[in-house]
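Here's a quick briefing on one protein chain. Have a look at the sequence and the 3D picture, then read on.

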Amino acid sequence: MFSFAYDPERVLLTVVQTGYWPMAVFRDYEREFLLHHDRIRLTHKNYRVFADCRDYPVQSTEIGEAFGALFGKLMSENKGHYAIIAASTLNKIQAKRAIPQPNVQVFSDPDEAMAWLFEEGSLGG
């Protein structure tokens, strides 16, 4: 339902999310994401994230709120660009509502997202 891969040379965490999640899956995701976050921040204050959510349907309100809380913490510490790839307009709307931080953008095109991730200043200065 989710996977993480980190490329230290590019300071890029890739996340893949699939399926409809019950809260137990979200809690596993949250725990694993926070472990990656803390490990990366030992060497890099900020990092980039490419989140492939093309096979991740619109989630429950409860999951949306849980994402909002998690990303409040993550984005208060990480000012790197965070790109979400969403398959539908409804998914984009849910992502923007749950994660309104300015360093988070939602895309349909993975190439466009990757270009934005590596723009000048994408690691938050």
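Two rings of Phe, Tyr or Trp (for Trp, the six-membered ring) are called a pair if their centres lie within 6.5 Å. Keep in mind that this is a predicted model. With that definition, a search of the whole structure turns up 18 aromatic pairs.

**One pair up close**
- Take Phe-4 and Phe-33: their ring centres sit 5.3 Å apart with the planes at 80 degrees, so this pair is edge-to-face.
- Phe-4 belongs to strand β1 (residues 2–7) and Phe-33 to helix α1 (residues 23–40), so the pair ties together parts that are 29 residues apart in sequence.
- Phe-4 counts as buried, at 13% relative accessibility, and Phe-33 is buried too, at 0%.
- Both belong to one aromatic cluster, whose members also include Trp-21, Tyr-29 and Phe-71.

**The overall fold**
- The chain has four helices and five strands.
- Going along the sequence, you'll read the pattern β-β-α-β-α-β-α-β-α.
- The radius of gyration is 13 Å, close to the 14 Å that the globule rule gives for 125 residues, so the chain is as compact as a globular protein of that length.
- Along its principal axes, the C-alpha trace spans about 35 × 30 × 20 Å.

- Of the 125 residues, 44% count as buried.
- Look at contacts between residues at least 6 apart in sequence: 71% of them join residues at least 24 apart.
- The accessible surface is about 6500 Å², and carbon and sulfur atoms make up 54% of that.
- There are 13 positive and 16 negative charges, and their mean positions are 5 Å apart.

Terms used:
Residues numbered from 1 in each chain as written. Predicted model: local features only at pLDDT ≥ 70, side-chain atom pairs only at ≥ 80, totals over all residues. Heavy atoms only, no water. Helix = DSSP H or I, 4+ residues; strand = E, 2+ residues; numbered from the N terminus. Rg over C-alpha atoms; globule rule 2.2 N^0.38 Å. Buried < 20%, exposed > 50% of the residue type's maximum accessible area, 1.4 Å probe, protein only. Contact = heavy atoms within 4.5 Å. Areas by Shrake-Rupley, 256 points an atom, 1.4 Å probe, with all protein chains shown as cover. Lys, Arg positive; Asp, Glu negative; His and termini not counted. Charge placed at Lys NZ, Arg CZ, Asp CG, Glu CD. Phe/Tyr/Trp six-rings, centres within 6.5 Å; stacked < 30°, edge-to-face > 60°.
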